[in-house]
Amino acid sequence: MNMSRQYVTEAILLAVRDSAHADRMVTLFSREHGKFQAIAHGARQPKSRLGGVLQPFASIRAALVNANGFDTITQCEILHSFREVREDIALLSYASFLSELITELWPERQPDEGVYDLLLTVFRLMPHRNPRIIALAAGWQLVSLAGFHPEYMVCVQCGAAIDQTAGFSCDQGGCICRQCQQEPLPLFGQSAGELMDKLLKLDWKKPDSFCVNARTLQQLENILYSYLEYQLGKPLKSLTFIKQLTRSSAMDKNSQ
């Protein structure tokens, strides 16, 4: 028997890709249903009402039909387009990174209000704050919410407080002091730990402004990217362009 269920949900579009027969496949994240995929039939046709709504990072209210385990979008409206995020190359890059991170780390149909609210707030803040710092804070918080919270204040092996000679071990999930290191590790000193603490505890409703040392910022970015690659078993595709963007920014500053 063909059983179908209709429902309405508010969701954020993590990814949009073209499919056969002028259709579009989308990956969404909603407060009630978590991450899931749906198809929008005919969304690429010129007269389709869905085509202009289904844009990456947009917040939408969608009516769907679930039949035989597949979800189909029948109607949707934009709640917030976040067009400024898509139209700025830096914002687009960091938003793509966070969307891909959630797509890879979260299982299907696992509701998580914290993730939904965080992503919605981050997309709202990005045009008004430093997107690089916003993405780094959100990235580490998402890693923590996914169950991979790093130990960044004390050595994971002996419990000693870290100093400027500590390193970060991806397989150990945190810092290792110089005395316990058996092989060279990416540097993760006290200043990195202090910045990590600020980022993980950042209140998105009232985000504080603070100064960030460029070298420490780069350290935490590199460690986050390596940590994600270790947990996922592969690098995120969006990081290729972010690394190019970071290098270009550094070259521009050096040439000034």
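## Basis

The model is predicted: local features need pLDDT of at least 70, side-chain atom pairs count only at pLDDT 80 or more, and totals for chains, interfaces and linings use all residues. Residues are numbered from 1 along each chain as its sequence is written, and side-chain values use heavy atoms, with hydrogens and water left out.

## Overall build

The protein has seven helices and seven strands. These are DSSP runs numbered from the N terminus: helices are H or I with at least four residues, strands are E with at least two. From the N terminus on, the order is β-β-β-β-β-α-α-α-α-β-β-α-α-α.

The C-alpha trace spans about 65 × 50 × 35 Å along its principal axes. Of the 256 residues, 47% are buried (under 20% relative accessible area; exposed is over 50%, partly exposed in between; 1.4 Å probe, protein chains only). Take the contacts (heavy atoms within 4.5 Å) between residues at least 6 apart in sequence: 59% join residues at least 24 apart.

## Helices α2 and α4

Helix α2 (residues 89-105) packs on helix α4 (residues 131-145). The angle is about 5° and the axes are 9 Å apart. Axes are lines fitted to C-alpha atoms over the stretch in contact, and angles run from 0 to 180 degrees between N-to-C directions. The two helices are therefore roughly parallel (under 35 degrees; over 145 is roughly antiparallel, 65 to 115 roughly perpendicular, the rest oblique).

From α2, the contact residues include Leu91, Tyr94 and Phe97. From α4, they include Pro131, Arg132 and Gly139.

## Aromatic contacts

A search of the whole structure finds seven aromatic pairs. Phe168 and Phe188 form one of them, tilted, at 5.6 Å centre to centre and 45° between the planes. Rings of Phe, Tyr and Trp (its six-membered ring) pair if their centres lie within 6.5 Å; planes under 30 degrees apart count as stacked, over 60 as edge-to-face and the rest as tilted. Phe168 lies in strand β6 (167-169) and Phe188 in the loop between β7 (174-176) and α5 (190-200), so the pair ties together parts 20 residues apart in sequence.

Both Phe168 and Phe188 are buried.

## Gln219

Gln219 is found in helix α6 (residues 214-232). Its relative accessibility is 15%, so Gln219 counts as buried. Leaving aside neighbours within four places in sequence, Gln219 contacts Leu187 and Ala192.
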